[in-house]
Amino acid sequence: MRQVKNLMKYRFLLLELVKKDIKLKYRRSYLGIVWTLLEPLLTMIVLTVVFSGLYGKADHTFPVYILTGRLLYTFFANSTKAATKSIRSNAAMIKKVYVPKYIYPIATTLSNYVIFLISLVVLVIVSLVLGVYPTLYIVEAVVPLMIVLVMTVGVGLCLSTMAVFFRDMEYLWGVILTLVMYCSAIFYEPDRVLRQGYGWILDLNPLYAVIVNFRNAVFGHPLELFSLYYSAGFALATLLLGVFLFYRKQDKFILNI
Amino acid sequence: MSKTVLKVDQVGMKFNLNSEKVDDLKDYIIKFLKHQLMYKEFWALKDVSFEVQQGERVGILGLNGAGKSTLLKVVAGVLKPTEGSVEIKGSIVPLLELGAGFDKQYTGRENIFLYGAMLGHSKEFIREKYEEIIEFSELGDFIDVPVKNYSSGMKSRLGFSIATVVEPDILILDEVLSVGDAKFRKKSEKKIMSMIEKNVTVLFVSHSLEQVRRVCNKAILLEKGHIIAQGEIEEVAAVYESKLL
């Protein structure tokens, strides 16, 4: 009950921190917020040129395939990286003013989520241009989009706690993220991996499970149930673990930053 | 009868001073396996108990390292005490190192909202007090300049103006009456005095005994984390002065 009251009291701070993150991210760049759209579009073009050239494929919807995976991965990677650093980069404030500390990792995740949602505009435009028209299944997209948010908050809470005590986490997580990227079938189609008998790697990756269902929604297929349950379960488990770790250790933060 | 607004009960604050700082995983695991994770314990505060009644102005005296700032941080809720408890009735505004919550890339204007939010104010409240803050800080056109270009005096002035725009029940002051130039110092002291007249409870840390005498009517003397004297300001000040000799 006290926690809820606290959150109500500090919801304006949460809003201010989210706004600050977004405002400062693009301040002093000429194109500003346009980069939110331009950056994924340009990377999509690069990846499409490289990988469709490599595989010699002529599937004209391949850019949509890449974009769905990449947008989700970028959101997950950027948020968790920022959350890992969030306690240390706000050390000056944590030492001086009492504010519920979970607000810092959550604010960075939310600001990245807002940027992610804006960048979905690119996906809409590219899909329409390439003839991937929305069906009724597009409504399902809400489900993986919620799951990825919960998962990212959970992972972010875990990482931000660990990084206070072991700064190595920041570097280690960068390496793990690269691994996650290659195991998420962002710019290749999973058949290749399946044919080689490595399908279990994809099955184990909860982020891939989210991407699969997001793609299903965009391309007009029903949700795949195994992926749905697996990613939802994983998201909930990491959230609970994150909250647990954070609450147990938060009073020790100030002694280590 | 006056009521107790702050009750500090048997508070102890323990820090671990590592003889070598271990903050990477490899070292930690190696040392853990070898049972070499030794911490030197250090009690910055031990068995500190006192009560403050509404309207009292309590000076906290002590030499460097006596635990004054640690005590204020415990009261402000920034540090959680290792043992004991702190009970507070009413709102509390800590003025510890002004401007620490500012974002350097943000302008003064944007920082007013950010810092205000951090102190737990609502958007409407800050909007309402906005002009008053800018006027008191005397920043003029600098309000739209990023804070990284501010002088330290300007930063403290803005911090002071934001923090004192509310009338809290308890005000915590840590060496803040030395901000800005002589003119602003006078102005800020006047502001604090006017708050005191409105029956605000004050916890005050300063190295200037003369300033403490002027502001406070009660005092606590700390030495190595223990309270060695508390009571009326003159009595405690006498003990403190005898320590200085």
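1. Let's start with A:T152, which is buried, its relative accessible area being 0%. Keep in mind that this is a predicted model. The residue belongs to helix α7 of chain A, which spans residues 142–165. Leaving out residues up to four places away in sequence, A:T152 is in touch with A:F75, A:F76, A:S79, A:T80 and A:T109. Why does A:T152 count as buried? Because the cut-off is under 20% relative accessible area, and A:T152 comes in at 0%.

2. Now for the two chains together. On the chain B side, 33 residues are in contact with 28 residues of chain A.

3. What about charges and polar pairs? Four salt bridges turn up across the interface of chain B and chain A. There's also a salt bridge to look up by name: the side chains of B:E110 and A:K23 meet at 3.1 Å, N to O.

4. Which parts of chain B supply at least two residues each to the side that touches chain A? They are β1 (4–18), α1 (25–33), α2 (68–76), α3 (108–118) and α4 (123–137). The largest share, six residues, comes from α3(B). Sorted by class, this side of chain B has 17 nonpolar, seven polar and nine charged residues.

5. On to the cores. Nonpolar side chains tend to be buried together in soluble globular proteins. In this model the largest nonpolar core has 127 residues, and A:L13, B:I112, B:L158 and B:L171 are the ones with the most contacts inside it. Take B:I112: beyond residues up to four places away in sequence, it touches B:I126, B:Y130, B:I133, B:I134, B:I143, B:L158 and B:I162. Another core, of 27 residues, lies apart from the largest one and includes B:V8, B:V11, B:V52 and B:V78.

6. Finally, a couple of backbone angles to check by eye. B:D47 isn't a glycine, yet it has a positive phi of about 50°. You'll find B:D47 in strand β2 of chain B, residues 39–53, and it is partly exposed at 43% relative accessible area. B:E138 is also a residue other than glycine with a positive phi, near 60°. B:E138 sits in the loop between α4 and α5 (152–163) of chain B, and its 34% relative accessibility makes it partly exposed.

Conventions: Residues numbered from 1 in each chain as written. Chains lettered and ligands numbered in written order. Predicted model: local features only at pLDDT ≥ 70, side-chain atom pairs only at ≥ 80, totals over all residues. Heavy atoms only, no water. Helix = DSSP H or I, 4+ residues; strand = E, 2+ residues; numbered from the N terminus. Buried < 20%, exposed > 50% of the residue type's maximum accessible area, 1.4 Å probe, protein only. Contact = heavy atoms within 4.5 Å. Nonpolar A, V, L, I, M, F, W, Y, C, P; charged D, E, K, R; others polar. Core = buried A, V, L, I, M, F, W, Y, C linked by side-chain atoms within 4.5 Å.
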